[in-house]
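Keep the sequence and the structure in view while reading.

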Amino acid sequence: MKEAKIWFMNARARRFLESTAIKARQILEYSGWFDGLAPGDIVAVKTHMGEAYNVGYLRPVIVRTLVEALKARGCKPFVTDTTTMPYHPWISRTLAVDHLETANRNGFNHASMDCPVIIADGWLGTDDVTVDLKGKGSYLKKQFVARAIADADALLSVAHFKGHPAGGYGGAIKNIGVGCASKRGKMNLHGALAGDKPIIDLSLCPGKDCEWVETCVDCCPEGAIQLTEQGLEIDQELCVYCFACANLCVNMAGVKGIQRFDHLPALGRRIADSALAVMATKEPGKAFFMNFAVDITPVCDCYGWTDTPIVNSLGVYASYDPVAVD
């Protein structure tokens with residue numbers, strides 16, 4: 001196998017034209033990726049536009065600078081992300097309308113990007129294409145990729161490299177493996193379609209005496225959690241494994257009566273399988289990956305807060321190979 005080439009520029013800046021945004025554009029132009037694009041190519045610029053009240057996501061000016069470079073080459077870029085599973089009770093990106101409102105508040109809109117901002121899997125997260133992995137996946141036989149990303153001529157991944165509570169870290173592979181999957185694609189890679197469910201021990205549950213009980217019942221998008229005289233009852237048949245209840249029970253309530261099942265090596269392998277499915281929608285050389293190792297925090301930008309960085313900003317890494325750049 002041919003060695004992957006990686007480009008890097010460090011995060012230090014001492015003079016004009018050393019902005020992180022400018023360095024990223026310089027890498028993109030120097031890499032030769034533009035040579036494989038044609039005027040009129042529609043380019044999906046996949047980034048994470050931040051959860052509500054998160055302050056760790058990449059600054060909009062970084063993405064805008066890359067959009068400008070694409071437009072200068074005659075391409076038609078759009079900045080994009082996908083709807084999410086609930087994840088936790090206060091997530092603000094489960095529907096396209098909510099996701100766009102959050103993106104706008106965080107500085108991502110048509111005016112700031114000078115191109116369309118599109119939620120790639122549609123209004124509810126159901127607009128996708130099915131990709132058959134043809135036996136190449138470790139866990140997944142097929143995956144559901146957001147249609148707007150799958151249909152684009154090219155893909156530019158612009159990822160904030162940081163920690164992740166379930167996957168270990170989030171970079172290029174997660175940016176496309178999770179971020180380019182539709183809502184059922186996310187359920188698939190988290191194991192819901194394979195029958196994985198939260199680990200439930202109702203003996204630990206305080207029931208109606210828990211101060212979080214109303215939020216616990218309300219957070220389930222399928223109405224699978226009910227409060228009865230006997231305590232909480234959970235209909236496992238209705239569960240789609242969004243793990244909103246588990247995150248609430250463990251991280252907010254501290255009870256641990258409902259726990260996530262995806263803190264396993266299987267999750268990382270499923271994410272890689274999903275990334276492989278996304279790559280299958282693009283011709284060779286039509287995808288490029290940029291990791292911004294800046295403000296490297298312990299957890300991802302999907303949370304409504306941002307911890308202090310655990311590693312100083314390193315710089316910008318880029319490659320045609322998402323594994324190599326991670």
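Is Thr65 buried or exposed? The model is a predicted one, and in it Thr65 has a relative accessible area of 7%. Thr65 counts as buried because that value falls under the 20% cut-off. Thr65 belongs to helix α2. Leaving out residues up to four places away in sequence, Thr65 touches Ala21 and Arg25.

Two packed helices are described by the angle between their axes and the distance between the axes. Here the axes of α1 and α2 (residues 60-72) come within 8 Å and cross at roughly 35 degrees. The crossing of α1 and α2 is right-handed.

Arg12 is exposed, since its relative accessible area of 52% is over the 50% limit. Apart from neighbours within four places in sequence, Arg12 contacts Glu18 and Lys23. Arg12 and Leu314 are 302 residues apart in sequence, but their C-alpha atoms are 8.1 Å apart in space.

Helix α3 (residues 96-105) shows how buried residues can be arranged around an axis. Its buried residues are Ala96, His99, Thr102 and Ala103. They span an arc of only 125 degrees around the axis, so they lie on the same side of α3. An α-helix has 3.6 residues a turn, so residues three or four places apart point the same way. The buried residues of α3 pack against β3 (76-81) and β4 (117-119). Just after α3 comes Gly107, with a positive phi of about 100 degrees.

The next topic is the nonpolar cores. In soluble globular proteins, nonpolar side chains tend to be buried together. The largest nonpolar core has 52 residues, and the members that touch the most others are Val145, Ile149, Leu155, Ile176 and Leu189. Leu189, not counting residues up to four places away in sequence, has among its contacts Leu140, Val178, Ala181, Leu267 and Ile271. Gln143, Arg270 and Ser274 are also among the residues that Leu189 touches. A second, separate core has 37 residues, including Trp7, Ala24, Ala154 and Val294.

Finally, the aromatic rings: the structure holds 11 aromatic pairs. One of them joins Phe8 and Tyr317, which form a tilted pair at 4.6 Å centre to centre with 40 degrees between the planes. Phe8 is in strand β1 and Tyr317 in strand β15 (residues 315-319), so this pair ties together parts that are 309 residues apart in sequence. Phe8 is partly exposed, at a relative accessible area of 41%. Tyr317 is partly exposed too, with 26% relative accessibility. Tyr303 and Trp305 also make a tilted pair, with 4.5 Å between centres and 45 degrees between planes. In this pair Tyr303 is buried, at 12% relative accessible area, whereas Trp305 is partly exposed at 43%. Ring pairs also link Trp7, Trp33, Phe34, Phe288 and Tyr320 into a cluster.

Terms used:
Residues are numbered from 1 along each chain as its sequence is written. This is a predicted model: local features need pLDDT of at least 70, side-chain atom pairs count only at pLDDT 80 or more; totals for chains, interfaces and linings use all residues. Side-chain values use heavy atoms; hydrogens and water are left out. Buried means under 20% relative accessible area, exposed over 50%, partly exposed in between (1.4 Å probe, protein chains only). Contact means heavy atoms within 4.5 Å. A nonpolar core is a set of buried Ala, Val, Leu, Ile, Met, Phe, Trp, Tyr and Cys residues joined through side-chain atoms within 4.5 Å. Rings of Phe, Tyr and Trp (its six-membered ring) pair if their centres lie within 6.5 Å; planes under 30 degrees apart count as stacked, over 60 as edge-to-face and the rest as tilted. Helices (H or I, at least four residues) and strands (E, at least two) are DSSP runs, numbered from the N terminus. The arc is that of the directions from the helix axis to the C-beta atoms. Axes are lines fitted to C-alpha atoms, for helices over the stretch in contact, and angles run from 0 to 180 degrees between N-to-C directions. A crossing is left-handed if the near helix is turned anticlockwise from the far one by less than a right angle, and right-handed if clockwise.
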